[in-house]
Structures are given as C-alpha cells and as structure tokens.
Amino acid sequence: MTVAVVGAGAVGCYYGFLLARAGHAVTLIGRPALVEAVEKDGLVLESAAGTASVPVRATDTGAGVSGADLVLVCVKSGDTEAAGAMIAPHLDPAATILSLQNGVDNAERLAALLGRPVVPVAVYVATAMAGPGHVRHNGRGDLILGASETSGRVAAAFAAAGIPTTVSAKAVDALWAKLIINCAYNALSALTQLPYGRLVEGEGVAAVIADVVQECARVAEAEGVSVSPGILDDVMALSTAMAGQRSSTAQDLARGRPSEIDHLNGTIVRRGAARGIPTPANRLLHALVKLAERRD
C-alpha cells in the first residue's frame, strides 16, 4: 500500500515505522523538524528489541496524502478539523481513511468535514517521542478497527506488518472504554509527571481513579454505550501492564504544548452536564490540567 500518516507524532511514527519496514510506501506529514530529521536519518524506532531506522518520505504539507491508498489521521483531537481541511483537496477518491485518535467523536467529525466515511480505530500502544523522527516504544501496539468495506484488507496488511488488529462493529464502544482509561490516568499523570505504576501507589489515588471511572461509566451508559462491569479492574490493570508509561497529556505538559484534556475528561464533563449527571472528579482534573497549561 501507499500510506500517508497525518500528524506524525509518537503514535503515527510508530505505526508508520512498522508499515514502512513491511515494505509499504509511507509518507509522514508533520512538523518541519520531523521532516528534516527523517530526511537525514530515516524514521527511528527504539524498542526492547533495539534501535532501527527505515527510510520514509516526509513533508509538512497536506499534499503528502496525494495518491495514498490508506490515510492514518493521528493528530490531536483539537486539530481534527484543521487536519481535515489541509488534506481534503489532495485525497484520492478511493482512499481509506482511519482515525487513530483519542476521544470518541473524531472519526464522526472528520467524516462530516470530508463528506466521506472515516473508520474509527481504538489504539492501545505506549509510545513517546525521543526526538524529531525518533519514536520510543514502551508497550503493546494492538488496534481495534471499525467495520467498513476495506477494513478486512487493511487489518490483514497491518497483521502482516506486526500490528495485531481486530475488526469490530463495536469500535466506538472500544473507544469509550479507552476514553475511560484515559480519563483515569492522563490528567493525574500529567499533573504529577509520574508513570502509571508509581502513580497508583500514591495515597488516595486508587479511590480518585474509582470515582473518575464511576462517573465516566454513568455518562457512557447514558449515551447508550455498553460498559464492561469489570472496567475498573481493567483500568487498574494498566498500572502494571504499562507501569513505566507517562500519559500523552503528561508529555504535552512537559513540552509546553496544549493537551487533549478537553476531549478526555472535558468530554465527560460536557456530556454529563447535558444529561444531568454530576462529574465532580472529572471536572476537577479537567480544571487543574487547564490551569497547568497556562503556566509560563
């Protein structure tokens, strides 16, 4: 396949690397610093297996999606509309578009802007950028891909590239489950700059996480989403499975960049208010991260 990655941050670079290593023609669309680094040294992946690089194309313009069979949209949730507008004039009519983003409504928002289907994807991977064009993999990497006419073929190509992929008509439910996990960990990790394993050892943290999860589950169920009765156990298990991972929100705050908190805990606050469901724990975490973003 010819693949374009829109928003080549940690997630986009990780999957872009695996697809390029498998022989697909990959173009990364990102910041100028990324383009310069990739043109010089290729795309670098650091993992438990060692460090390697692959040659890929890179650009900072939307024209990078021209001719792509597959487009992976990996931008922050707040940049969804801007990214859609940037790539819209250059998309091939037959291209499959995947939203590999946090939050529960990005595929829907992107589809409305582009006037064509966008497949939602739930992403389960722990990654971080070690520098421009240099991604560090800390764990997992599996995907749940929404059902579409091309999802089976895409999933097969991903699996062949070493990306465990499941196709499910309930991908949006999976995105909600991931949202609940993100609401539980992202803000707390950001405010403390602690990885998940150390975070849950803090006094009272497990109780706070339980409050957050309970609020999220109530909102999700009111939205018609099926939430696993064991969701809290799933959330707590992440502190062991990804003990060394700091959240993407923590990485954003550390770099002085805007976070996705409006599309994480902020989503629960807004949707809870619309349905008359109190969400005080999520409201507090959302407010604290917003204040932290304003620090000099």
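Are Tyr 185 and Tyr 196 buried or exposed? Both of these residues are buried, where buried stands for a relative accessible area under 20%, exposed for over 50% and partly exposed for what lies in between, computed with a 1.4 Å probe on protein chains only.

The views show a predicted model, in which local features need pLDDT of at least 70 and side-chain atom pairs count only at pLDDT 80 or more, while totals for chains, interfaces and linings use all residues. Residues are numbered from 1 along each chain as its sequence is written, and side-chain values use heavy atoms, with hydrogens and water left out.

**View 1. The aromatic pairs.** Two aromatic pairs are counted under a rule by which rings of Phe, Tyr and Trp (its six-membered ring) pair if their centres lie within 6.5 Å, with planes under 30 degrees apart taken as stacked, over 60 as edge-to-face and the rest as tilted. Tyr 14 and Tyr 15 have ring centres 5.0 Å apart and planes at 75°, so this pair is edge-to-face; Tyr 14 and Tyr 15 are both buried. Tyr 185 and Tyr 196 make a tilted pair, with 4.7 Å from centre to centre and 40° between the planes. This pair links distant parts of the chain, since Tyr 185 belongs to helix 6 (residues 171-192) and Tyr 196, 11 residues apart from it, to helix 7 (residues 196-199). Helices (H or I, at least four residues) and strands (E, at least two) are DSSP runs numbered from the N terminus.

**View 2. Cys 13 and Cys 74.** The structure holds zero disulfides, a disulfide being a pair of cysteine sulfur atoms within 2.5 Å. For the sulfur of Cys 13, the closest cysteine sulfur is that of Cys 74 at 8.9 Å, which is too far for a bond. Cys 13 is buried with a relative accessible area of 0%, and Cys 74 is buried with a value of 15%.

**View 3. The surroundings of Thr 279.** Thr 279 sits in the loop between helix 11 (265-274) and helix 12 (280-293), and this residue is buried, with a relative accessible area of 4%. Leaving aside residues up to four places away in sequence, Thr 279 touches Glu 215, Val 219, Ile 268, Val 269 and Gly 272, a contact being heavy atoms within 4.5 Å.

**View 4. The annotated span.** An unreviewed UniProt entry carries the annotation "domain: Ketopantoate reductase C-terminal" for residues 174-292; its positions are given in the numbering used here, feature names are shortened, and annotations may be inferred rather than shown by experiment. In the model, residues 174-292 are 69% helix and 0% strand, and their end C-alpha atoms lie 29 Å apart.
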